[in-house]
Amino acid sequence: QNTLLWIMTNDSSAPNRALVAKQCCGRSVVSKETIPYVIERVKDVDVKVREAALDSLRENVNLDDLTEDQRVEILRYGLTKRCSSTHAKAVELLCANWLKSAKFDPIMLLDSLNPVLNESVCELATEVIINMASKIDCDNSDDVGVELVQKHFGGPEIRSFQQQILKKRSVTQNDDEGGLSPSLAFFLRVKCNTATNKVETISDVINDIPTLCNLL
């Protein structure tokens, strides 16, 4: 295993690094010791190595296997605008593994990323999730990330995805619904910022002015 880790980190051959990134995070050898090495390959100079690392993390590593810092690091370097294919693979990991493990609940996922401390990364992730919910049922999408995620879900899961992400949430929801947590407040802010019809979205979010005033 030490030899494989050395190859993945130091070998000058990108195909070799990519191959080992797959092997070192396989279900049979995944561990707290190997995961950091694979995460490092998400930053690799070669796109194929980055893709292999993200695929390996998606296929073999559960959200609960990662620390908060590791989750944030993966998204920070995976959801990069500098490389569309790396971005698409990170979107696939986020939606087809992490969000699915959170039962498609964006608030539960944000809780695991801590938006209070990791605002910029959480904003990127939330924008990706909202965008995915609006496009995941499209037959012909020009978004590679959407196409990758669509392959993982059937009709019922796609509907569940959309229902959870797009359902109405407000700042005045009652305690039975979880109340106004930092993650919910963050999600609603990003949802309003990215909405096409901001007036309608804001009216859904702030649906009870007297209660809102009491809350504030």
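**Figure 1. Helix α7 (residues 106-113) is largely enclosed by the rest of the structure, because six of its eight residues are buried.** In this predicted model, local features need pLDDT of at least 70 and side-chain atom pairs count only at pLDDT 80 or more, whereas totals for chains, interfaces and linings use all residues. Residues are numbered from 1 along each chain as its sequence is written, and side-chain values use heavy atoms, with hydrogens and water left out. The buried residues of α7 are Pro106, Ile107, Leu109, Leu110, Ser112 and Leu113, where buried means under 20% relative accessible area (1.4 Å probe, protein chains only). Helices are DSSP runs of H or I with at least four residues, and strands are runs of E with at least two, numbered from the N terminus. Among the elements that cover these buried residues are α5 (68-78), α6 (84-101), α8 (119-135), α10 (155-166) and α11 (182-194).

**Figure 2. The two ends of α7 are shown with Asp105 at its start and Asn114 following it.** A side-chain oxygen of Asp105 reaches to within 2.9 Å of the backbone nitrogen of Ile107. Asn114, which comes after the helix, has a positive phi, near 60 degrees.

Figure 3. Leaving aside residues up to four places away in sequence, Leu109 touches Leu63, Leu94, Trp98, Leu99, Ala102 and Ile129, a contact being heavy atoms within 4.5 Å.

**Figure 4. Helices α6 and α8 have axes that come within 11 Å and cross at roughly 80 degrees.** From α6, His87, Val91, Leu94, Cys95 and Leu99 meet Ala125, Val128, Ile129 and Met132 of α8.

**Figure 5. Ala14, in helix α2 (residues 14-24), is buried, with a relative accessible area of 15%.** Not counting residues up to four places away in sequence, Ala14 touches Asp46 and Val49. The C-alpha atoms of Ala14 and Lys48 are separated by 7.4 Å, although these residues are 34 residues apart along the chain.

Note on methods. Buried < 20%, exposed > 50% of the residue type's maximum accessible area, 1.4 Å probe, protein only. Polar contact = N/O pair within 3.5 Å; in protein donor to acceptor, adjacent residues only side chain to side chain. Axes fitted to C-alpha atoms, helices over the stretch in contact; angles between N-to-C directions.
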